[in-house]
Amino acid sequence: MTCIETQTTCMESKMGCQIKETRDDKETQILAERLQLSPSLKGERIEKDTERRDGEKIQILAQRLQCSRPPPPPPRSLNGEIVENDTDDHQHVINSSTMHFVGRRERRAAVLVCLSEGTSCELRVILTKRSMNLSSHPGEVALPGGKREEGDADDSATALREAMEEIGLDPSLVQVVANLEPFISQHQLVVVPVVGLLPRIGDFKPSLNADEVEAMFDAPLEMFLEEDRHRCEEREWGSWKYTSHVFDFKTEQGASFLIGGLTASILIRTASLIYQRSPDFSDQHLPDFQRLQKILSAAAAT
């Protein structure tokens with residue numbers, strides 16, 4: 001896949017080193033069965049070699065997502081100090097802060113974290129740049145997704161429908177393997193990341209909705225754990241201050257994108273889960289927005 005814009009073709013594709021299209025339907029079915037039946041691969045590393053056959057890393061990824069979850073980061077107070085011996089209470093805070101919104105269908109959304117293999121067998125994630133004509137977050141980088149509609153059966157249905165509407169991604173090409181824990185947007189919208197695999201990238205023929213999407217590109221997932229393209233910015237939400245993660249990314253054709261906010265937080269979490277390690281960048285003094293929401297929810301419950 002190349003970097004695609006609605007008006008200008010700007011992007012070269014690392015997705016373009018596509019997974020071989022020789023995989024037939026039988027192999028795909030076998031892959032799906034292995035993904036459902038295989039044991040946990042907790043602790044196994046994803047090697048960066050080129051000797052794996054096409055799709056093997058995708059299998060490992062699906063197994064890991066279905067069978068394991070990373071430990072949550074330590075809880076912090078509003079001034080950034082780690083709260084000791086609070087693991088059980090912290091887990092309770094996560095549950096209570098999200099359950100408050102679960103029954104409110106109109107305040108729920110889902111995004112698709114769609115992963116495929118690049119030319120060097122690295123995992124890559126599809127991202128979009130929102131149209132400048134949109135009323136909310138114009139020009140920002142986002143994952144395909146949107147608000148849940150009445151006809152959506154679940155969060156996966158929402159994410160797949162929105163991806164089809166925004167970039168023309170056929171839902172039949174995507175294998176949904178996991179839903180991550182909900183995130184909270186600045187507008188108090190519950191956002192569920194739906195992780196899907198795109199094993200036959202060659203079958204994806206992007207078609208961008210110009211009313212919603214200005215450009216589409218893909219980025220290496222592991223970069224969201226690396227320090228060299230990461231920086232933090234101090235932001236305010238009401239009277240509270242928090243840290244916002246920002247990643248500077250440039251395609252090989254020279255197109256530059258800033259990936260931050262909720263999208264960056266979701267991808268940090270996804271990468272931490274898949275690669276089974278913490279980010280290289282150090283904890284900040286202030287909590288990030290998700291941590292701030294959990295702290296405030298805990299304080300309101302006391």
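Tyr242 is buried, with a relative accessible area of 3%. The model shown is a predicted one. Phe289 is buried as well, at a relative accessible area of 8%; both values count as buried because the cut-off is under 20%.

The geometry of Tyr242 and Phe289 is edge-to-face, with 5.1 Å centre to centre and 65 degrees between the planes. This pair links distant parts of the chain, since Tyr242 belongs to strand β11 and Phe289 to helix α6, 47 residues apart.

A further pair involves Phe247 and Phe281. Their ring centres are 6.0 Å apart and their planes stand at 65 degrees, so this pair is edge-to-face. Phe247 sits in strand β11, while Phe281 is in the loop between α5 and α6, so the contact ties together parts 34 residues apart in sequence. Phe247 counts as buried at 0% relative accessibility, and Phe281 counts as buried at 8%. Phe217, Phe249 and Phe257 form one aromatic cluster.

Now to the sheet around β11. Three strands make up an open sheet in the order β10-β11-β12, with antiparallel pairing. Its edge strands are β10 (230–237) and β12 (256–260), each of which pairs on one side only. Neighbouring strands of the sheet are turned against each other by 30 degrees on average, direction ignored. In general, strands of a sheet pair through backbone hydrogen bonds, either parallel or antiparallel. Here, eight bridges join β10 to β11 (residues 240–250), and the two run antiparallel. Trp237 stands opposite Trp240 in β11.

Two helices pack on this sheet. Helix α5 (residues 261–275) touches β11 and β12, and its direction makes about 75 degrees with that of β11. Helix α6 (residues 289–301) touches β10 and β11, with its direction at about 155 degrees to that of β11.

The last step is the chain as a whole. The protein chain has six helices and 12 strands. Of its 302 residues, 49% count as buried. Among contacts with a separation of 6 or more, 67% are between residues 24 or more positions apart. The accessible surface of the protein chain comes to about 14,700 Å², and carbon and sulfur atoms account for 47% of that surface.

Conventions
Residues are numbered from 1 along each chain as its sequence is written. This is a predicted model: local features need pLDDT of at least 70, side-chain atom pairs count only at pLDDT 80 or more; totals for chains, interfaces and linings use all residues. Side-chain values use heavy atoms; hydrogens and water are left out. Two strands pair if DSSP finds at least two bridges between them. Helices (H or I, at least four residues) and strands (E, at least two) are DSSP runs, numbered from the N terminus. Axes are lines fitted to C-alpha atoms, for helices over the stretch in contact, and angles run from 0 to 180 degrees between N-to-C directions. Contact means heavy atoms within 4.5 Å. Buried means under 20% relative accessible area, exposed over 50%, partly exposed in between (1.4 Å probe, protein chains only). Accessible areas come from the Shrake-Rupley method with a 1.4 Å probe; for residues, only the protein chains shown count as cover. Rings of Phe, Tyr and Trp (its six-membered ring) pair if their centres lie within 6.5 Å; planes under 30 degrees apart count as stacked, over 60 as edge-to-face and the rest as tilted.
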